[in-house]
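Student: I would like a close look at a single part of this model, and then at what else the model shows. Please take it slowly and define the terms as they come up.

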Amino acid sequence: MKFFIDTANLEEIAEAQALGVLDGVTTNPSLMAKEGITGEANILAHYKKICDIVEGDVSAEVISTDFEGMVKEGEALAALHPQIVVKLPLIADGIKACKYFSDKGIRTNVTLVFSAGQALLAAKAGATYVSPFLGRLDDISTDGLNLIAEIRQIYDNYAFDTQILAASIRHTMHVIDCAKIGSDVMTGPLSSITGLLKHPLTDIGLAKFLADYKKGNE
Ligand code: G3P
């Protein structure tokens, strides 16, 4: 299972990278705005900085909603760095653009996916990744994990290569549940990754080991 971090914050990306378990980064326009990154030149420069920190895939989202605009933006993003994956919204023109990029060998991440039917379309258009937003489904009292399971079944039935990128992860239990289902990738905040480290018995056990060592070596 690949671990991506869902942020445009360079410090958090560096911290996750330093842990040694990071496989990539996902961003979106909201996350860029949260870091105060505005204007095309600054946004492109920021993507390059992210690529310099991580070794894996970096999803960079287009702003256009029409096919021509998405192609123009996506080609510019893909040309920025070999690690860039073009992120496209799940709308009709996004699916067309996905097919266009797939035919050209440019990797894509189809985002804003909330149904199995949408995920099926993205796979048929040759998406590299599909991003179902499980947390946002949970937020409206719908079973987000069930969507991940449905997509897993459909992709397995037809041996689609598209990787399921469980997005909008809220906490560590989402990560564990997605791993059980067989999601290829998860993307979430740094806390959803570092939270996996935590268990009180680990802390208690380590404290006792160190105390016993100290007693025996006084
Ligand atoms: O990057 C897309 C997705 O992960 C958004 O998550 O937390 O805004 O629902 P969130």
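Student: In which helix is I95 found?

Tutor: I95 is found in helix α5, residues 92–103. Helices (H or I, at least four residues) and strands (E, at least two) are DSSP runs, numbered from the N terminus. This is a predicted model, in which local features need pLDDT of at least 70 and side-chain atom pairs count only at pLDDT 80 or more, while totals for chains, interfaces and linings use all residues. Residues are numbered from 1 along each chain as its sequence is written, and side-chain values use heavy atoms, with hydrogens and water left out.

I95 has a relative accessible area of 15%, so it is buried. Buried means under 20% relative accessible area, exposed over 50%, and partly exposed in between, with a 1.4 Å probe and protein chains only. Not counting residues up to four places away in sequence, I95 touches L90, L121, A122 and A125; a contact means heavy atoms within 4.5 Å. C51 is 44 residues from I95 in sequence, and the two lie 26 Å apart in space, C-alpha to C-alpha.

The structure holds six aromatic pairs. Rings of Phe, Tyr and Trp (its six-membered ring) pair if their centres lie within 6.5 Å; planes under 30 degrees apart count as stacked, over 60 as edge-to-face and the rest as tilted. The rings of F67 and Y100 have centres 5.9 Å apart and planes at 90°, so this pair is edge-to-face. F67 counts as partly exposed at 23% relative accessibility, and Y100 counts as partly exposed at 26%. Ring pairs link F67, Y100 and F101 into a cluster.

F114 and F133 form an aromatic pair that is edge-to-face, 5.4 Å centre to centre with 65° between the planes. F114 is partly exposed at 32% relative accessible area, whereas F133 is buried at 8%.

F133 is also one of the residues that surround the ligand, among them D6, N28 and K87; a residue is near a molecule if one of its heavy atoms lies within 4 Å of it. An oxygen atom of the ligand is 2.5 Å from an N or O atom in the side chain of D6. For the side chain of N28, the distance from a ligand oxygen atom to an N or O atom is 3.1 Å.

Key
A polar contact is a pair of N or O atoms within 3.5 Å; within protein, one must be able to donate a hydrogen and the other to accept it, and residues adjacent in sequence count only if both atoms are side-chain atoms.
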